[in-house]
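Please examine the sequence and the model before reading each solution.

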Amino acid sequence: MQFHHHGYVSTDPRVSPASGTGLDRPSEPPENVDVLIVGSGPAGMLLAAQLSFFPTVTTRLIERREGRLPIGQADGIQARSVETFQAFGFAGRITAEAYQICAMNFWAPDPDDKTRIVRTSRAIDDPHGISEFPHLIVNQARVLDYFAEAAANAPGRITPDFGCEFLSLERGEGEYPVTATVRETKDGKTSERVIRAKYVVGCDGARSQVRESIGLHLVGQAAMHAWAVMDVLVVTDFPDIRTKCAIQSHAGSILLIPREGGYLFRMYVDLGDTASEDHGEVRKTTVEQAIIKANEILHPYSIDVKNVAWYSVYEVGHRLTSRFDDNDSDPRVFIAGDACHTHSAKAGQGMNVSMQDGFNLGWKLGSVLTGRSPESLLRTYHGERQVIAQNLIDFDKEWSTLMAIKPEDWDREESLDEFYQRTAEFPAGFMTQYLPSMIIADAANQSLAEGYPIGKRFKSARVIRIADAVPAHLGHHARADGRWRIYAFADIDRTALNSWAEWMLHSPESPLLRFTPAGSDPDSVFDIKVIYQQDYSEIEIPTIPKVFLPQVGPFELIDYEKIYAARSDDDIFETRGIDRGGAVVVVRPDQYVAGVWPLTAPAELAAFFAGNMLPAN
């Protein structure tokens with residue numbers, strides 16, 4: 001964490017000084033806004049936190065509830081999400097209160113006595129070291145709390161406008177072409193009013209009114225299979241009660257997930273197939289009936305339920321919208337999260353994918369509304385996220401189907417635990433790979449950095465900070481502040497690096513000069529870092545090019561946290577397949593690798609940014 005560069009700070013350094021719309025922020029939404037977010041779920045709260053780093057953008061988030069969500073249905077937090085939390089500054093804090101999944105155990109009928117279940121295997125949660133971040137279980141409400149804190153502490157000071165319900169919208173012309181009608185409830189009185197916006201984002205769930213207002217519908221089908229889900233406190237003789245388990249018996253299946261706090265756990269209890277003429281009758285299954293069913297599945301073990309914190313019954317369904325926005329050429333209304341894709345809960349993907357929807361869209365809206373990028377950038381949101389949602393639904397169909405198969409009907413060569421381990425990268429959130437576009441380059445130079453696949457998220461690696469010999473994770477320094485990251489990996493004798501750095505600092509074609517507004521900090525748009533191949537002790541700071549030592553803040557203090565060296569015991573050039581001749585790796589504000597270039601081809605780098613950014617005024 002860096003602070004003091006604007007003067008001595010004696011208060012909480014996580015609270016940034018307010019600026020722009022964060023100064024004297026009105027208590028009620030103004031008549032005209034740049035971005036109107038509808039819904040304070042995971043997608044909406046992340047979007048608000050992201051846009052709070054663009055304080056010149058007027059953003060309001062409306063929520064029909066009267067206050068914060070007290071308890072959420074989602075609880076699975078994949079490693080990619082924790083990686084995202086790191087960018088918003090709360091990964092460590094939420095990890096400390098969460099339950100950490102390190103293993104998953106599998107249970108099936110005893111071959112010698114089919115009425116009993118026995119443990120058949122144990123699987124490590126991340127056997128391939130996909131991420132340095134853990135797989136967590138924590139109440140969705142706490143995730144929203146942390147994003148709310150991030151939004152309120154960022155310069156824009158965004159807070160939800162509770163008690164404000166979205167009713168409908170119309171699209172017209174002018175500077176604020178979207179007219180939204182909302183209903184506000186204050187002091188027991190209800191009234192309707194109009195808010196005009198440049199952009200509206202519907203994060204208002206599976207029954208999204210924003211989606212309906214632009215004529216889109218969730219399309220798909222139900223799997224005709226029902227599950228009871230409950231968060232419970234129990235006394236039990238089941239030995240794996242504090243380990244995530246997939247339990248299959250002749251009486252049905254259970255997915256058991258321990259919860260945060262050391263005592264609570266969640267059970268998804270298989271209620272079996274439902275008939276087409278059921279008409280929702282299965283949803284009337286009582287918690288007492290679900291507990292009886294759970295005990296039948298767990299035999300010879302049992303649970304004595306002492307308290308039920310939450311209970312619901314749902315039928316598996318997989319649905320997706322055809323578009324994530326309202327217009328091919330000039331999108332003004334977007335939808336995110338459950339408003340555009342729904343699926344089962346057992347793969348633990350809903351909240352995670354919804355947050356990535358918000359992360360993908362947030363920096364793009366901020367970039368367009370601050371004049372950094374053309375409006376065409378917003379067309380990439382649908383193109384990138386709709387296909388990811390379809391991939392999720394395809395995966396979830398297979399996983400939820402496998403969970404419901406009875407052991408005697410299993411005729412696959414691959415067991416459930418083998419499938420779980422083989423597909424681990426997908427549910428962890430790391431299979432996303434965006435295709436070439438105005439913000440994703442082609443793979444012509446991929447061989448220069450094999451460990452950073454273009455279009456996939458930037459996988460951090462350990463390095464040494466040169467200025468103070470502090471061990472660091474290269475990617476952990478990046479914040480969700482809307483800036484592009486440019487990592488320059490030095491060639492062995494630094495000749496190419498120094499030439500590239502000189503070009504970046506002085507050439508009229510340099511993106512640093514073309515797209516950084518006059519009078520702002522030199523790293524306000526591009527966060528440029530260097531990684532040397534030599535030991536940190538061999539690099540003297542006076543020999544490091546000035547572009548990697550920018551002077552920031554009103555006192556023009558030197559930032560020493562952009563200069564790194566490879567570790568002797570864990571060389572990033574080896575672990576990430578970086579060419580010893582050097583390379584430039586560009587990472588988008590949402591942590592996805594945008595492209596790889598040689599140090600000797602600065603014109604190609606300039607051409608890439610010229611295709612997605614606008615010259616600064």
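**Exercise 1: Helices H2 and H7**

The crossing of H2 and H7 is left-handed. This description belongs to a predicted model.

Task: Determine how the axes of H2 and H7 are oriented, and which residues form the contact.

Solution. 

Step 1. Helix H2 covers residues 79-88, and its axis lies 10 Å from that of H7. The angle at which the two helices pack is about 40°.

Step 2. Angles under 35 degrees count as roughly parallel, and those from 65 to 115 as roughly perpendicular. H2 and H7 are therefore oblique to each other.

Step 3. H2 contributes Arg80, Ser81, Thr84, Phe85 and Phe88 to the contact, while H7 contributes Asn352, Met355, Gln356 and Phe359.

Step 4. Sorted by class, the residues of this contact are four nonpolar, four polar and one charged.

**Exercise 2: Helices H10 and H13**

Task: Describe the packing of H10 against H13 and classify the residues of their contact.

Solution. 

Step 1. Two packed helices are described by the angle between their axes and the distance between the axes. For H10 (residues 495-506) and H13 (residues 602-610), the angle is about 40° and the axes are 11 Å apart.

Step 2. That angle makes H10 oblique to H13, and the crossing of the pair is right-handed.

Step 3. On H10, the contact residues are Trp500, Trp503 and Met504; on H13, they are Pro602, Leu605 and Ala606.

Step 4. The contact of H10 with H13 comprises six nonpolar residues, with no polar and no charged ones.

**Exercise 3: Burial of helix H1**

Task: State how many residues of H1 are buried.

Solution. 

Step 1. Helix H1 runs over residues 42-51 and is mostly covered, with ten of its ten residues buried.

Step 2. Among the buried residues of H1 are Pro42, Gly44, Met45 and Gln50.

Note on methods: Residues are numbered from 1 along each chain as its sequence is written. This is a predicted model: local features need pLDDT of at least 70, side-chain atom pairs count only at pLDDT 80 or more; totals for chains, interfaces and linings use all residues. Side-chain values use heavy atoms; hydrogens and water are left out. Axes are lines fitted to C-alpha atoms, for helices over the stretch in contact, and angles run from 0 to 180 degrees between N-to-C directions. Helices (H or I, at least four residues) and strands (E, at least two) are DSSP runs, numbered from the N terminus. Angles under 35 degrees count as roughly parallel, over 145 as roughly antiparallel, 65 to 115 as roughly perpendicular and the rest as oblique. A crossing is left-handed if the near helix is turned anticlockwise from the far one by less than a right angle, and right-handed if clockwise. Contact means heavy atoms within 4.5 Å. Ala, Val, Leu, Ile, Met, Phe, Trp, Tyr, Cys and Pro count as nonpolar, Asp, Glu, Lys and Arg as charged, and the others, Gly among them, as polar. Buried means under 20% relative accessible area, exposed over 50%, partly exposed in between (1.4 Å probe, protein chains only).
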